[in-house]
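Welcome, and please have a look at the protein shown here. The report that follows walks through its fold, its core and its pocket.

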Amino acid sequence: MTALPPNGPAGADEPAPLSDRDRAVLAVERRAWTGPGAKERAIREGLGLSPTRYYQLLNALLDDRRALEEDPVTVNRLRRVREARRGRR
C-alpha cells in the first residue's frame, strides 16, 4: 500500500471551485436593489434561502480566498462595509 502525500492525492492542494450557490450569492450582492424587500424576495425565491442563512453564507464567503479571486470588487467592497460596521459597535 502506498502512502498519499500529506495533502492527499495529486491536485488535492488546489481548492475546489466555488459552488453555483456561492456564485449566486455573489451575484445577488453585485446587483443594485431599490429596497430591502426586493432583495429579500430575490434571496427567498431565487436562491431558496432565508435571509438569515443567506447572510451567514455571505459572511463566510467574504473570508474565502476563492470568492476574492472570483469577484474581487464585490468581495472587497463588502469587506469594507463589514469592517465599518464592526468599527461602529
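Read from one end of its sequence to the other, the protein follows the pattern α-α-α-α-α. Its secondary structure comes to 5 helices and 0 strands; helices (H or I, at least four residues) and strands (E, at least two) are DSSP runs, numbered from the N terminus.

Before going further, please note that this is a predicted model, in which local features need pLDDT of at least 70, side-chain atom pairs count only at pLDDT 80 or more, and totals for chains, interfaces and linings use all residues. Residues are numbered from 1 along each chain as its sequence is written, and side-chain values use heavy atoms, with hydrogens and water left out.

**The protein as a whole**

Of the 89 residues, 26% count as buried. Buried means under 20% relative accessible area, exposed over 50%, and partly exposed in between (1.4 Å probe, protein chains only). The protein exposes about 6,400 Å², and carbon and sulfur atoms supply 51% of that area; accessible areas come from the Shrake-Rupley method with a 1.4 Å probe, and for residues only the protein chains shown count as cover. Contact means heavy atoms within 4.5 Å. Among contacts between residues at least 6 apart in sequence, 46% join residues at least 24 apart.

**The core**

In soluble globular proteins, nonpolar side chains tend to be buried together. A nonpolar core is a set of buried Ala, Val, Leu, Ile, Met, Phe, Trp, Tyr and Cys residues joined through side-chain atoms within 4.5 Å. The largest one here has 14 residues, of which Leu26, Tyr54, Leu58, Leu61 and Ala67 touch the most other members. Helix H1 (20–30), helix H3 (51–62) and helix H5 (72–88) are the elements that give two or more residues to this core. H3 gives the most, with 5 residues.

Leu26 shows what such packing looks like: not counting residues up to four places away in sequence, Leu26 touches Leu18, Leu61, Ala67, Glu70, Asp71, Thr74 and Val75.

**Four residues to look up**

Thr74, in helix H5, counts as buried because its relative accessibility is 5%. Leaving aside neighbours within four places in sequence, Thr74 is in contact with Leu26, Glu29 and Arg30. Leu62 is found in helix H3 and is buried too, with a relative accessible area of 4%. Beyond residues up to four places away in sequence, Leu62 touches Val75, Leu78, Arg79 and Arg82. Ala27, in helix H1, is partly exposed at 27% relative accessible area. Glu69 lies in helix H4 (residues 65–70) and is exposed, with a relative accessible area of 54%.

| Pair | Separation along the chain | C-alpha to C-alpha distance |
|---|---|---|
| Glu69 and Leu18 | 51 residues | 10.0 Å |
| Ala27 and Thr74 | 47 residues | 9.0 Å |
| Leu62 and Arg77 | 15 residues | 9.8 Å |

**The largest pocket**

Rolling a probe the size of a water molecule over the atoms shows where empty space is left. On a 1 Å grid over the protein atoms alone, a pocket is an open set of points with protein on both sides within 12 Å along at least five of seven lines, and lining residues have an atom within 4 Å of a point. Grid points are joined across faces, edges and corners, and a volume is the space filled by probe spheres set on the points.

How much space lies in the largest pocket? About 390 Å³. Of the 15 residues that line this pocket, Tyr55, Leu58, Leu78, Val81 and Arg85 are the closest to its centre. H3 and H5 are the elements that give two or more residues to the lining, and H5 gives the most, with 6 residues. The lining divides into 6 nonpolar, 1 polar and 8 charged residues. Here Ala, Val, Leu, Ile, Met, Phe, Trp, Tyr, Cys and Pro count as nonpolar, Asp, Glu, Lys and Arg as charged, and the others, Gly among them, as polar.

Methods
On a 1 Å grid over the protein atoms alone, a cavity is a set of points where a 1.4 Å probe fits but cannot get out, and a pocket is an open set with protein on both sides within 12 Å along at least five of seven lines; lining residues have an atom within 4 Å of a point.
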